[in-house]
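Open the model in your viewer and keep the selection tool at hand. The stops below say what to pick and what is there.

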Amino acid sequence: MSRLESALADLRLADTLASRDTALSRLDPRAKIVTTIAFLFAVVSYERHTVVALLPFLLYPVALASMGEVPWRWLARKLALAAPFAVLMGIANPVLDRTPMEVSQGVTMAGGWISFGSILLRFALTVTAALAVVAGTGMHALCAGLAALGTPRVFTAQLLFLWRYTFVLGGEGARMATAREARGGRGSPTLAVYGSLAGHLLLRAFERAERIYRAMLARGFDGEIRSVRTLRWSPRDTVFVAGWVAFFIAARAVYLPLVLGRLLTGFGG
Amino acid sequence: MHMADALLSPAVGGVMWVASAATLAVCARKVSARSEDRLVPLMGVLGAFVFAAQMINFAIPGTGSSGHLGGGLLLAILLGPSAAFLVIASVLTVQALFFADGGLLALGANLFNMGVLPCFVAYPLLYRPLAPAGSSRARVGFAAVVAAVGALLLGATGVVLQTVASGISSLPSGPFLALMLPIHLAIGLAEGLATAALVLFLAKARPDLVASPVPVRRRSLAGLAVAAALVAGVLSWFASPRPDGLEWSIAHAAGTAELKAPESGVHGSLALVQATTALLPDYDMPAAKVALEEESPWPEVNAGKSFAGLVGALATLALVVAAGFALGRRR
């Protein structure tokens with residue numbers, strides 16, 4: 001159950017981070033969504049043995065985290081928690097793909113290790129960028145941005161409801177589990193106990209939904225969810241989107257680390 | 001079960017996004033058209049329930065391990081497929097955003113594997129026919145387990161197809177499938193037991209809530225068939241221009257198997273799994289020949305270029321770190 005509690009604490013922390021006034025949170029959510037999507041496509045568009053050419057893209061998550069004052073430790077912990085799947089899916093590459101590849105003067109590596117490294121780097125890039133954007137935007141602004149970009153209203157309303165009631169129902173679930181433990185329940189409950197435990201939580205969910213519905217009716221709900229949040233697109237947002245997209249295109253077109261390396265070492269080309 | 005950005009090619013990720021976004025748009029329109037106001041808070045709260053319930057584990061009898069609810073099938077039983085898809089999509093979106101489960105580009109694939117498949121395939125084609133209205137408790141429980149297993153196996157197959165079509169991971173489809181399906185059979189059983197336990201509990205405590213399931217109309221089944229055919233077509237379209245990549249990786253797998261002792265090592269056991277399951281029995285021999293003829297696809301590397309590349313890589317990292325510090329200080 002500590003899992004549920006820690007997940008809730010994590011969500012609350014992300015929300016707290018997003019509620020601060022930072023250079024990142026002041027940007028229009030649409031700008032951040034569009035730029036991040038461009039970033040994701042740029043990163044995953046590389047050939048599977050690419051490692052070095054991906055390095056310049058680290059600048060985006062690093063800049064986001066700095067602009068949003070997102071704690072590095074938090075990012076690293078989230079990254080580590082999400083890592084097992086990427087590692088699991090990539091770890092077979094070194095075994096299956098043993099084509100030797102020259103990585104540097106006289107140094108060869110199995111192609112599988114290089115593609116494994118590429119998977120890990122892609123994973124780190126995409127995950128940190130997404131987390132930094134979320135921690136620098138917050139759920140409400142994000143949903144407003146998604147709605148403005150054409151996501152169906154029913155879905156953004158659903159996301160906000162889910163967000164609001166996850167804390168309520170999650171807290172209820174955590175309290176139920178605590179109550180079970182206080183009465184001597186150890187380990188995972190049996191299926192019969194689980195059915196009753198989660199079933200009661202489900203009943204409470206239905207009852208709560210009914211109460212919320214009545215409260216909404218009392219406040220004039222007519223089936224439509226309205227948002228008071230207005231989005232304002234400023235020149236700063238244009239600069240943000242245009243600047244980053246230009247950088248992604250440049251990094252995709254030019255092998256930046258190689259250019260830099262040639263400048264530094266004097267090797268021609 | 002979550003597909004990850006790192007394993008997706010933009011083409012596959014984009015196609016799955018389009019498929020899932022289209023499903024989302026259709027479901028949103030259907031739910032709005034139902035104009036049941038009380039559905040709005042109910043969907044939100046049930047999403048929160050699924051979110052919380054996914055983190056409550058229960059002991060799987062006789063194994064010492066534990067399982068938890070996935071939620072897609074339960075939501076479809078309680079809300080009908082369209083509303084259920086919106087709810088599970090919101091849960092997966094929050095997980096992708098806040099827990100980095102899968103990632104944003106992979107969200108399309110994940111919505112498809114864990115939303116579209118349980119709500120629009122397993123629910124109408126397995127659960128409803130097996131447990132029509134007025135079924136006995138045993139029958140409802142059985143239908144829930146079968147449908148959950150079906151949904152999980154389909155989802156696992158989806159992950160394999162998307163991974164192989166993307167070609168980032170070297171895993172060949174046969175052994176990968178042989179690895180994924182038994183695992184997801186077990187997960188599906190756990191999910192089915194949890195779903196059955198909850199539906200049966202609800203049927204006892206509040207029969208009114210489960211007594212009137214949303215009728216599945218022929219039209220939505222027809223739409224589903226079209227969607228399934230479309231997706232299958234699109235997926236095979238991605239698979240067919242790519243036999244090289246697939247053959248290439250299998251060729252390497254088979255090649256090493258012949259040079260080294262085939263009975264030992266991870267590769268040997270993977271090959272053994274493939275041989276015993278015989279999903280793709282005739283891939284080995286011709287592929288092994290290809291391996292001998294084929295050169296490494298890596299472009300010619302000259303020493304100067306790779307040294308410059310190495311220095312450049314380190315310099316890039318240094319610059320990124322410096323930029324991070326610079327931006328961080330400029331508060």
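**Stop 1: a helix pair in chain A**

Select helix α4 (residues 72-90) and helix α6 (residues 111-135) of chain A: their axes come within 10 Å and cross at roughly 145°. Axes are lines fitted to C-alpha atoms, for helices over the stretch in contact, and angles run from 0 to 180 degrees between N-to-C directions. The crossing of α4(A) past α6(A) is right-handed (the near helix is turned clockwise from the far one by less than a right angle). Helices (H or I, at least four residues) and strands (E, at least two) are DSSP runs, numbered from the N terminus.

This is a predicted model: local features need pLDDT of at least 70, side-chain atom pairs count only at pLDDT 80 or more, and totals for chains, interfaces and linings use all residues. Residues are numbered from 1 along each chain as its sequence is written, while chains are lettered from A and ligands numbered from 1 in the order in which they are written.

Now show the side chains. On α4(A), pick A:Leu75, A:Lys78, A:Leu79, A:Ala82, A:Ala86 and A:Gly90. Their partners on α6(A) include A:Phe116, A:Ile119, A:Phe123 and A:Leu131. Contact means C-beta atoms, placed from the backbone, within 7 Å. By class, this contact has twelve nonpolar, two polar and one charged residues. Ala, Val, Leu, Ile, Met, Phe, Trp, Tyr, Cys and Pro count as nonpolar, Asp, Glu, Lys and Arg as charged, and the others, Gly among them, as polar.

**Stop 2: A:Trp74**

Stay on helix α4 of chain A and select A:Trp74.

**Stop 3: inside chain B**

Switch to chain B, with its 13 helices and two strands. Buried residues make up 51% of its 331 residues. Select B:Leu46, B:Phe49, B:Leu73 and B:Leu86, which touch the most other members of the 186-residue largest nonpolar core. Such a core is a set of buried Ala, Val, Leu, Ile, Met, Phe, Trp, Tyr and Cys residues joined through C-beta atoms within 7 Å. Beyond its neighbours within four places in sequence, B:Leu73 contacts residues including B:Pro118, B:Tyr127 and B:Thr195.

**Stop 4: where the chains meet**

Colour the interface: 96 residues come from chain B and 99 residues from chain A. On the chain B side, α13(B) gives the most, with 19 residues. That side has 62 nonpolar, 28 polar and six charged residues.

How values were computed
Two residues are in contact if their C-beta atoms, placed from the backbone, lie within 7 Å. A residue is buried if 20 or more other C-beta atoms lie within 10 Å of its own, exposed if 12 or fewer, and partly exposed in between; C-beta atoms are placed from the backbone.
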